[in-house]
Amino acid sequence: MKGIGIHQYGDERELTVVDMPERDVGANEVRISIRASGVNPIDWKLREGYLKDALSFTPPLTLGWDGAGVVVETGESVNKWQTGDEVYFRPELTEYGTYAEEIIVEEALLQQKPTELSFAEAASLPLVGLTSIEALMNIARVQKGDSVLILGGSGGVGTVAIQIAKAIGATVTATSSDKNRAFTTARGADHVIAYDQDEVIDGEFDVLFDAVGGEPYKKAISHVKNGGVAVSIAGGVSQDEETIKIEQQKLIQVNEMFMQPDQEKMKQLNDFVTAHQVSPVLSHTYPMTVEGARDAHQDSATNRTKGKIVLVRDENTPVQ
Ligand SMILES: NC(=O)c1ccc[n+]([C@@H]2O[C@H](COP(=O)([O-])OP(=O)(O)OC[C@H]3O[C@@H](n4cnc5c(N)ncnc54)[C@H](OP(=O)(O)O)[C@@H]3O)[C@@H](O)[C@H]2O)c1
């Protein structure tokens, strides 16, 4: 199974064509011809080796865990999907990623690609969508009328998290750079705080969703209401004594999370998408080639991505 990945950790020059051992399709699995793969910070962080203690992969591995494509084979117990169905998905985090010609995925993790979305648009949604749903709905249990503060409103997660919080009926304040203020407002944020203009957070919020970590979380935590909820996907919580003191004094429920894909969250995401409450936000697409993946990783690692980066595969061209 050919893909783009690494034989050893290192910079983007380590990205190369990887030939992973062939696998048979299991009873509840589906083989998918991939047409597009989302690119997420986890891809280049893993490639660099930053996550080697947390994720026990031994290279070689194919990168990317965000995809859209066409069903080409179904396992013997699969009834829902047929050859030719167009699907999108966030697969389990294994050595068989989505920068690849094909992938085998549990059928429960798939949703039908909405016809109005391109493969690239569909592939941009699962990882950031499931992350936002887990944080805002499953952990923080955001309700209509809640106030939500989202750190990193213009990034891949932030742009979708804003849309989901708004769909639930929350009032949303998001942080972004000044140049992305209008872009973040256009995603639905009621208020945007430009962190690079020294604009300060005003008031208190029921929920803090942190997609940035570090100093921005420290500045934001004192703006969570007593008994409110903070969820970080970027290592923000309890980072020093001062932060822990505020979290404890205000009885804030603090949560550090690492998203786990499941059928229910993927269905919820698809419901938001088909109801036109969540739309994809693509900034750059690159071809699914080694050169394209290198460019995409350099782009993502700038930490300045607006919305999402996606690799697009020409179905007739082998990954090269
Ligand atoms: N734990 C999990 O399950 C999980 C899941 C997904 C992602 N993550 C992590 O969450 C983080 C965000 O992911 P992502 O996909 O959204 O990344 P991304 O698309 O690369 O985010 C880039 C964005 O971050 C914004 N940003 C940078 N510094 C900022 C600051 N000080 N304040 C506000 N915004 C700032 C940038 O906005 P400007 O250009 O406007 O400055 C840019 O739009 C990454 O660290 C990723 O690894 C974790």
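Me: Which strands does helix α3 (residues 126–139) lie across, and at about what angle does it run to β12?

Reply: This is a predicted model, in which local features need pLDDT of at least 70 and side-chain atom pairs count only at pLDDT 80 or more, while totals for chains, interfaces and linings use all residues. Residues are numbered from 1 along each chain as its sequence is written, and side-chain values use heavy atoms, with hydrogens and water left out. Helices (H or I, at least four residues) and strands (E, at least two) are DSSP runs numbered from the N terminus, contact means heavy atoms within 4.5 Å, and angles run from 0 to 180 degrees between the N-to-C directions of lines fitted to C-alpha atoms, for helices over the stretch in contact. On that basis, α3 lies across β9 (147–151), β12 (205–210), β13 and β14, and its angle to β12 is about 155°.

Me: Which are the edge strands of the open sheet of six strands?

Reply: Two strands pair if DSSP finds at least two bridges between them, and here the pairing is parallel in the order β11-β10-β9-β12-β13-β14. Strand β13 (residues 224–232) and β14 are joined by four bridges, with Ser-232 opposite Glu-256. The edge strands pair on one side only, and they are β11 (191–194) and β14 (253–256).

Me: How much of the ligand's area does the protein bury?

Reply: The ligand is surrounded by 26 residues, each with a heavy atom within 4 Å of it. A polar side-chain atom of Tyr-195 lies 2.3 Å from a ligand oxygen, whereas a backbone N or O atom of Met-257 lies 2.8 Å from a ligand nitrogen. Taken alone the ligand exposes 930 Å², an area from the Shrake-Rupley method with a 1.4 Å probe, and the share that the protein buries is 89%.

Me: Which residue of β5 stands opposite Ser-33?

Reply: Strand β3 (residues 29–39) is mostly covered, with eleven of its eleven residues buried. Seven bridges join β3 to the antiparallel strand β5 (residues 67–74). Within β5, the residue opposite Ser-33 is Val-70.

Note on methods. A polar contact is a pair of N or O atoms within 3.5 Å; within protein, one must be able to donate a hydrogen and the other to accept it, and residues adjacent in sequence count only if both atoms are side-chain atoms. Buried means under 20% relative accessible area, exposed over 50%, partly exposed in between (1.4 Å probe, protein chains only).
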